[in-house]
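Here are my notes on this one, in numbered points. Have the viewer open while you go through them.

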Amino acid sequence: MIQLLRLLKGYISFTAEGGFPERFINLCNSNGIVLWDVQNDGVKVKAFTTTKDFKRINFPAENSGMEIKDVTEKGLKSFINRYKYRFGLCLGALIAVFVIAFLSGSIWEIEIVSESGVNVEAFTESLAESGVKKGARKSKIDILKVQEEMMYKHSDLLWISVNIFGSKAQVEITTVTHKKESTDMKTPTNIVAKKDGVVTLVKGYYGVNAVKEGVNVAEGTLLISGVGKNADGSEYFTHAKGEVYAKTENEATQAVNRNFKGFISTGNKSVYGVEVFSLKIPFGRINDETVNSEAYTHLKSKSTYLPLAIFRVDSYPVKETEVTLTENQSMLYCLSQLVEMKRGEYKDAEIYEELYFGETVDGKYILNQALNCVENIAVEQPIMVEN
Amino acid sequence: MFNSLKNIKESTESAGIELFGNKRMIVFDCQCVVDYSEEYIVLNLGKLNLKIKGDGLVLSSFSFGQTDITGDIVSLEFERIG
């Protein structure tokens, strides 16, 4: 505390040589001059005193035959005096203080913590609407209100907690875990074929099997019946359940115009920029219509993301031109579409034969696909029962 | 022993000494500094002189009759004046 006061009020370090150090110290004391950290190495005395007392030090020095040397003024006052004409430094220090004060009061990073796995982007957007976003003033955030708004906006939200740690907003979220919908086993149903095929395997769980392996079935044929007979001859209804695998033949067609007006990329254009909080400052013109990708590199200090990022926007300017596809290009396009469709529709099927045939008809390339596979053709069909 | 202590008390009147290990000591009601170097400091306590021997002795503060001495204090010695 004393050190701090001395630093604020300012003090002087000096050395005194020759004469009688003891007499000098005693005279200083008797004249009310405060000395501290007095060191005598046999040749000279090094000591500290206040700026105010130093003005009266000549009297004890002269009377003890000491010569005052190496006078250095220290403390806040001398520091200010030293730099008082260096306006740039003062301005810089002032700006630094304001910037630090501003940054300390802002949100730099938003972290969403959830064990149940949530759509982070959607929640981030929703939080931003409620005022919790990068660059938002901490004092303006009403945590209780934000939590209330979020609960209102997201019906699947079970619990939310917004915590502000320094410049980081940590949002803890717990969402409702959706239970798998239970199968309605009360409604009586039949199992019928959803497409033509030759039955290879019947797995009936509930109901009465209506077909056997090796039987040809057409679309809509009853495979497993939901109507059974009791021992006394009376009938009962049940929710038929099972899997019926059959060899099926499937066809699909994909066509593409070989001549059309399209957009061709004229090259790649990258624009770099800086993002401060949510403010983007690009170093070039960005055409939003042709933007293809954005990449961000956030500056990080240990585990904290700083509110500063360098971003790169890659855009691909295009121009409309007459496009003529070669047969190979057309085939590849159609093939990619059909393969994509196959991945979705036949993901559980076992494909044992796959044939493609392509031809150009009237400027159109048509690719025909034939898929022979073994798949589950069972589909539930409710039984209409009169009450 | 008791007599000598009594004599010291009478001689130094209200002077007091506080020791903090051998690194720091405070002497109250010191009249003046008689001799001073890094190896020893002699303080006047009225009718007695106190000689503090040690190494790297520093007068941390010397004001209003209170003397604060820091350094490696090795011994204290009292000397009668006159």
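1. Chain B runs α-β-β-β-β-β-β when read along the sequence, which gives 1 helix and 6 strands. Helices here are DSSP runs of H or I with at least four residues, strands are E runs of at least two, and both are numbered from the N terminus.

2. Some bookkeeping before going on: this is a predicted model, where local features need pLDDT of at least 70 and side-chain atom pairs count only at pLDDT 80 or more, while totals for chains, interfaces and linings use all residues. Residues are numbered from 1 along each chain as its sequence is written, chains are lettered from A and ligands numbered from 1 in the order in which they are written, and side-chain values use heavy atoms, with hydrogens and water left out.

3. Still on chain B: of its 82 residues, 40% are buried (under 20% relative accessible area; exposed is over 50%, partly exposed in between; 1.4 Å probe, protein chains only). Take the contacts (heavy atoms within 4.5 Å) with a separation of 6 or more: 45% of them involve residues 24 or more positions apart. The chain exposes about 4600 Å², and carbon and sulfur atoms supply 52% of that (Shrake-Rupley method, 1.4 Å probe; for residues, only the protein chains shown count as cover).

4. Over to chain A, and a lysine worth a look. A:Lys195 sits in the loop between strand E8 (189-193) and strand E9 (197-206). Is A:Lys195 buried or exposed? It counts as buried, because its relative accessibility is 18%.

5. What does the side chain of A:Lys195 pair with? There is a polar contact to the side chain of A:Asn250 at 2.8 Å, and another to the side chain of A:Glu375 at 3.1 Å. (A polar contact is a pair of N or O atoms within 3.5 Å; within protein, one must be able to donate a hydrogen and the other to accept it, and residues adjacent in sequence count only if both atoms are side-chain atoms.) Leaving out residues up to four places away in sequence, A:Lys195 also touches others, including A:Val217, A:Thr248, A:Tyr346 and A:Ile377.

6. The domain assignment of chain A lists domain 1 (2-80), domain 2 (109-175), domain 3 (253-259 + 322-375) and domain 4 (267-320); such bounds come from an automatic or database assignment. Between domain 2 and domain 3 of chain A, the C-alpha centres are 47 Å apart.

7. Lastly, A:Leu279 belongs to strand E18 of chain A and is exposed, with a relative accessible area of 53%.
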